[in-house]
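Hi,

Here is the structure I promised to pass on. Have a look at it first, then read my notes below.

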Amino acid sequence: MIDVHCHLEQEDFAKDLEEVIKRARESGLKAIITCCANPNDLKKSLEIVEKYKNYAFLTASIHPIHVPEFGDEQIIEFLEKIKELAKAGKIVGIGETGLDYYWVKDEKQRERQKEVFHLHIELAKKLKLPLVVHSREANEETVKILDEFNYEKILWHFFGDKKLVSWLIAKNYKASFNTFLLKSKTHKKIVKKLPLEQILLETDSPWLGFGKRNEPSAIVKVAEKIAEIKKLGFEEVWQSCGRNAKEFFELNVKSF
Ligand SMILES: [Zn+2]
């Protein structure tokens, strides 16, 4: 199994990351993909993937909620940096990027989110890297943009829109699920319909711990829930979702 989306650089992990990684390994996780979603976090993120080489991998971007904090030049500069890092093999995907209309209400900033989303997609295409998509209360616009670009390596992280399941299947895009699945009927229905080949697992930790800090080892609970919903063995889900992640991100990790 691989946790395809979490944020290990967050302060929440500063004191005991070593222990967190140890528990992840003990839970059977073969790799963790940490997501740097803010240019200010890049240094820390790179230190983590360097320290846990071949176990922790990195995706990077400017999260749509952080777009208003940066000027156009800073954004271009950061994307240039991502390009360099990707060429040096230090980044395995672009994201999370997309639209967030829940946190960003200002029309002008929403337009900027779109522009920055475009830039990220173009970059992923150029580098032939997976794109990790974030969309909150902006799914219609997000789909429109993804259809326009028609890039095949898409992972829609924290996917949760029943109306988009057929679209996602037709596109053969990947979707990732986290512990929110344990609480949400909608997510359970989606998982039921979606072929296992398109499902990846994530934790989005430190978030989604429901009052507590979340961490990658919690992915076991997500896999158990998927097995229950799809009436499959735990081992099958564990192996398949791990393999899906390994192939999608082309990770150089030991086979399962
Ligand atoms: Zn995230």
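This is a predicted model: local features need pLDDT of at least 70, side-chain atom pairs count only at pLDDT 80 or more; totals for chains, interfaces and linings use all residues.

Residues are numbered from 1 along each chain as its sequence is written, and side-chain values use heavy atoms, with hydrogens and water left out.

The zinc ion has His5 (NE2), His7 (NE2), Glu96 (OE) and Asp204 (OD) as its protein donors, 2.2 to 2.4 Å away. Donors here are N, O and S atoms within 2.8 Å of the metal (3.2 Å for Na, K and Ca); water is not among the atoms, so sites may look incomplete. Along the chain, the donors are spaced H-x1-H-x88-E-x107-D. His5 and His7 are both buried (under 20% relative accessible area, with exposed over 50% and partly exposed in between; 1.4 Å probe, protein chains only).

Strand β1 (residues 2–6) has five of its five residues buried, so it is largely enclosed by the rest of the structure. Helices (H or I, at least four residues) and strands (E, at least two) are DSSP runs, numbered from the N terminus. β1 pairs with strand β2 (residues 31–36) in the parallel sense over three bridges; pairing takes at least two DSSP bridges. Cys6 sits opposite Thr34 in β2.

Finally, the buried residues of α4 (residues 107–127), including Phe117 and Leu123, pack against α3, β4, β5 and α5 (contact means heavy atoms within 4.5 Å).

Cheers

Methods: The expected span of a helix is 1.5 Å times one less than its number of residues.
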